[in-house]
Structure formats: structure tokens, C-alpha cells
Amino acid sequence: MMHYEKMMQQMQSLLQACLWQEAEACAATQDDPTLRGLALGMLGQAGLQQQRLDYALIQLAEACRLLPDNASLRSLWAIALSRNGYGQQAYEQMRTAVELNPEDAQQYYNLGRMAQQLGDKIAARQAYDQAIQRDPTQGLACLNSANLCMQAAQWAQAADFLQRAEAAGVDTDMLLGSMIFLDLQQAIWDRWTVWHERVRALLHQPRVRLEPFATLSLFLTEQEQNILAQKYVQTLSPAPQRQRQRLQDRLPGRIRVLYVSSDFGSHAVTLLTAGLYATHDRDRFEIALLSLKSWQDSYRSRLEQEVEHLLDVAAWDENRILQWVKAFDPDIAVDLNGHTEGGRPELFAAGLAPVQLHYLGFPGGTGSPSHDYVLADPVVVPAEHADFFQECIVHLPYGFQINDDRRELAEPSTRSDWGWPQTSFLFASWNGIHKINPEIFGQWMQILRQCPNAALILVDEGSEVMERLRCLMQNQGVDGTRLIAAPRISYAAHLGRLACVDLILDTLPYNGGTSTSDALWAGVPVLTCTGARFSGRMSTSLLHYAGLEELITPDADAYIRQAVRLYEDRPMLRQLRDRLQQPRSRQRLFATAPRTRAIEAAYVHMVEVAEQGLPPQSFCVDMDEQGKEPL
């Protein structure tokens, strides 16, 4: 026992003084395998603390070989494996650690985290439940369980876990995003003003653990949103510090572009981008899709048929992904997730390509030094907003949003097919409920009060939420029966249903993206109000480049006035619908090839800049000057 204590004290003193060689020598002189294993474990733990991840992995692997039944060492080895990108192996070793010491709540939490990183939500929930059973003060396990419950629309359970996380002392800014999202998903707006005050208070903190997606539905400026995003990125472990590669020795040939996303399936991102992959110039570009999630549907089947390389890496750890990427050797890597569910920021932090950018999935700046550029346009990111972004801004000529002109056509239907009133004027919004807030809802109520023969259609979010909205309508002097709940249906059927609507009312500060282009594809006008930042200017961009300026309003009063005008002036509304069906308008809105050529021109410029060893700079793509497929 005394020998053990002496060894531990000696190792501790050496490591505190950063005398690594002496500490290694001390470990090597231990004849007893138990003492040597414990000493190596201390070296490994110190390596983790000092971010010497490869070193920690070697020491802990040997420590576990010597002491295979030591749960603490096994847990540390699992953590080292995880931080080195060996996700599946890390999960297996942590599961062994739990079996060796089934009463350790922290190890169950670690197991849950690793399962969640692998995308196994069921295993993650089970592990978190075990952690909380053993230690009710496991606040992070409560928080992660709350988020998993929200993804499954289990609102009451999510609220309970959030309360338990708060009672356990979880950082306020970590809880804040989940609390905001939970309220919005249930149309609970009692704390709407409080949320803004608490989020703005974080602007003055050095680091913020509030996920940027949670603040897209709040009325923040572009500058505030990007400040919060930059502060959040610094809390990621490890914080992105990518060393930019150079392209000076690039071999002649096609430019290799790697698109990375968890949404290569029946998701809004693929709905918009499928045509992009199919229309890339194969003589000039080699395209690969790195799928972070497994999908089995018609959208995935189409991608598999039309793309040269589609790799499903949902079950792969970071190291295996990086090995494949190194072999593919991309010139450009495109992050289609950003701060959305399923993204893998650690991949871009590690450096997938000499040029890295983000596009479409997250409507705003990521705040991350891992991304050199963001694809945008002068409407969603005006020149005066460029300095707020960590990324350089690329202004595309036909609008930021790529579209697929081969997307599904609407299945013909009538109002009677959906049980909708034949004589009423039908307003609608198909944006997610998290984009609806008391301010935009109040504006809709003003519109309905002035349009007595009108109804409002919203996505059916369940009986409890819809009843809450009807009560809110009653409180504002509007009959709650004028709210129609539209269930989720197949995409083609939804497009046909959309065509039965008179006018779509957009949301603010978080506009529709794909939902706006869906409505325009179906021939239905969308009325929007231009917001203060990227996420609130997406519909304005689409309508501007389609030449439908009458549907763009500058403020709430103008938004209400124009909605009422279109209700009263049916010939004007009919004219707008007719214009949406004209070939010229549809070309300006949806033509895929010209937009693909513009994105390709941007890629070529990015590669040329990198080949010269120059830092990224913002630029505009002007296709008309190049004489290539102007709209």
C-alpha cells in the first residue's frame, strides 16, 4: 500500500511539472503490473487533459491491457478513442466499462453521449435513463434526454427533464436554447420577451453554450446572431482551429467537390439540391456525397443513380471518414448542415479540403473558422452585413437558393378532397411551428379580423397545440373555428393541396425556405416581410429574383395591408397566380442549370485563389458578363 501511494505521489508531481519523460520512466520501472497499469493510466489521463490525444490513446490502451477489469481505465480509454475519432470502438469500450461498474452514473452518461454521436437515439435514451436513476443530479443526462424527447415530440417528458436539468445546476445558456425551442414547438409564448432579454445578455459573455439554431426564431440582428454563433463555436470540444491547406501542387484535372450532409434523403435540403448534383458538369467536376445519416427512400435512390460517389458513413467514426476523404482528396468540401441536427462540425474542424464552405442547411453564419465561404446573394446578405460574418461572402447572381426543376409535380386535387370550405378565402402557412411567434400570429389575427370570409391553414401539430392556437385566436377576437389543421401527407399530394390555397403568409424573423419555393412551384403567391438577417430574408430573395416585388413588404403594417388588399382584389391575386405559371417566371425561379453554372463558377474562383496561396476573400459571381446561361 505504501509503495502504491509513493508511486502515485511521484507520478502526480512529475506530471504537474510537465516532466513527461521522467513520468514515463517512473511508470516503466514499476515491476508490479497493477502499479504499472495505474501509472500508464495517469499518463493517459494527463495526455487527455493536455490534448495529447494520440499519446493518451497509446498509454490507456496499454493500461487496459494490463488491467482489463479496471472500469475507470476502460472509461478513460473509451474517451480517448472517442476524441481520436474512433466512435464505434469508443462506444464498445464504454459499454464494457459500464458492465464492469454498473453503479457509476457518469459512465452511463458517457455511454449515452457516445451512442448519441453514433446516431443511436434509442441506446442514448436508455443510457441516460440509467445515469439519472443512479444519480438524479446528472444534469447533462437530463438535458440530453430532454432534447431527444423533443425530437420525438414528447413535450411533457421534455419539459420534465429540462426542469430536472435546471435543478441539477446545468449552465443557463446550455438550457436556454432547449427551453426556447420547447416553448415555440408548443405555441407557448408567455416568456417570449424574457427569452430575448436572456439571449441578448449572453452577448457580453466570453463563451456561450447556446446552440445557434435555437435563436433563428428570435428577433436578433445579423450582428447579434453571428456574435452568438462565434461564441458558441469556441465551446465545442475541441474548438475548431483548422490549419488551411494549400492547393499550389494541385494536379490538373477535374475539380473534386465533396458535399457533406445528414440530409441526403426525403429532406428539404435534398429537395432543393438534387438537381445541382445531377447537372454538375462532369467534364470539369468530380462530385461525391458524404452521407452522415442512412436513408432508404426515392430521393436517396435518385441520388445513388445520378451521382458518381455516394458514401453512407452513418456508422463510421471520424478516423475512418477522414481516411476515405484523404484518399478522395477533395479540392472543396461543402457543409450542407451547419448548425442543424446531424451535422459533424469536427470533420470540418479537422480539415476535409483546402477550401471549405457552408451552404443552404443553416441560414446564416456559422461563426466557425472551419468555413472559408458561405454561398449567399445580395438580398440575404447585403454588403453592409458582410463584416458580421466569420466567413467570406459569395454573392450568387440568381439568388442563394438552388432549385430542382425536376422536382415532383402536384397531384391534382380540390378543396373538397381536404374538407376545406369552398367559398372562403384561404390563407396558409406551412412553416414549422417554431417559426410562429406572438408577433407574427398577432399580425395574422389583424388580417383575419379585416377579412371576414377567410380561414387560416396551419400544419397540424397535434390536438393540444392546435387547441392552444384556437384559444389564442379567441382571445384576439377571431373565431377559433377559422383555423384549419392540415395533416402531414406525401410531398406530391401536399403540392396538390397547396394549389388549393389562395395566399401563403410567410413568417418573421425566420422565413420559409423550401416551404416558400414549394408554394411558388405549386403556383401559389407567398407574401413576406423582409427581416433583419439571412433567415428573415430568404423569401424576399426568392420573390425578388422571380420579379414578384408586389409580394415583398418592408414592415408589419405594410404586410397586413397587402394581405388585406390581395383578399379584396381578386383580379390582382389572379394576375400574380398567372405570372407564376408563365414560363419566364418559372425559369427565373426554378431553372437548375444556370444556378449550377453559377455555383461552379464560384468553385473555380475559390480553387484559383487557393492555388495562388491567397487567403479567401468575398466576391460576386457575374454570369451575364461571362455570357453563360443568363436567366
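Modeller: Leu292 has a relative accessibility of 11%, and because residues under 20% are classed as buried, Leu292 counts as buried. These values were computed on a predicted model. Leu292 sits in the loop between E2 and H15, and, once its neighbours within four places in sequence are set aside, its contacts include Val260, Ser261 and Ser262, along with Val313, Ala314, Asn337 and Leu347. Gly342, Gly343 and Arg344 are also in contact with Leu292. Asp372, by contrast, is 80 residues from Leu292 in sequence, and the two C-alpha atoms are 21 Å apart in space.

H14 itself covers residues 268-279 and is mostly covered, with 9 of its 12 residues buried; among the buried ones are Val269, Leu271, Leu272, Leu276 and Tyr277.

E2 also belongs to an open sheet of 8 strands, in which the order is E3-E2-E1-E4-E5-E6-E7-E14 and the pairing is parallel. At the edges stand strand E3 (309-312) and strand E14 (619-620), each of which pairs on one side only. Within this sheet, strand E5 (residues 355-358) and strand E6 (residues 373-376) pair in the parallel sense over 2 bridges, and His358 has Val374 in E6 as its bridge partner. Another parallel pairing joins strand E8 (residues 425-429) to E9 over 5 bridges, with Ala454 in E9 as the bridge partner of Phe425; strand E9 (residues 454-459) is mostly covered, with 6 of its 6 residues buried.

Most residues other than glycine have a negative phi, and most peptide bonds are trans. Asp329, in the loop between helix H16 (318-328) and strand E4 (332-335), has a positive phi of about 60 degrees although it is not a glycine, and with a relative accessible area of 42% Asp329 is partly exposed. Gln51, which lies in the loop between helix H3 (33-49) and helix H4 (53-66), likewise has a positive phi of about 60 degrees without being a glycine, and its relative accessible area of 46% makes Gln51 partly exposed. The peptide bond from Leu508 to Pro509 is cis, with omega near 15 degrees, and Pro509 is found in the loop between strand E11 (503-505) and H22.

As for the chain around these parts, there are 28 helices and 14 strands. The radius of gyration of the chain is 27 Å, close to the 25 Å that the globule rule gives for 631 residues, so the chain is as compact as a globular protein of that length. Its C-alpha trace spans about 95 × 60 × 45 Å along the principal axes, and buried residues make up 58% of the 631 residues. Of the contacts with a separation of 6 or more, 68% are between residues 24 or more positions apart. The accessible surface comes to about 26,400 Å², with 48% of that area belonging to carbon and sulfur atoms, while the 56 positive and 75 negative side chains have centres that lie 2 Å apart.

Methods:
Residues are numbered from 1 along each chain as its sequence is written. This is a predicted model: local features need pLDDT of at least 70, side-chain atom pairs count only at pLDDT 80 or more; totals for chains, interfaces and linings use all residues. Side-chain values use heavy atoms; hydrogens and water are left out. Buried means under 20% relative accessible area, exposed over 50%, partly exposed in between (1.4 Å probe, protein chains only). Helices (H or I, at least four residues) and strands (E, at least two) are DSSP runs, numbered from the N terminus. The radius of gyration is taken over C-alpha atoms; the globule rule is 2.2 Å times the number of residues to the power 0.38. Contact means heavy atoms within 4.5 Å. Accessible areas come from the Shrake-Rupley method with a 1.4 Å probe; for residues, only the protein chains shown count as cover. Lys and Arg count as positive and Asp and Glu as negative; His and the chain ends are not counted. The place of a charge is taken as NZ of Lys, CZ of Arg, CG of Asp or CD of Glu. Two strands pair if DSSP finds at least two bridges between them.
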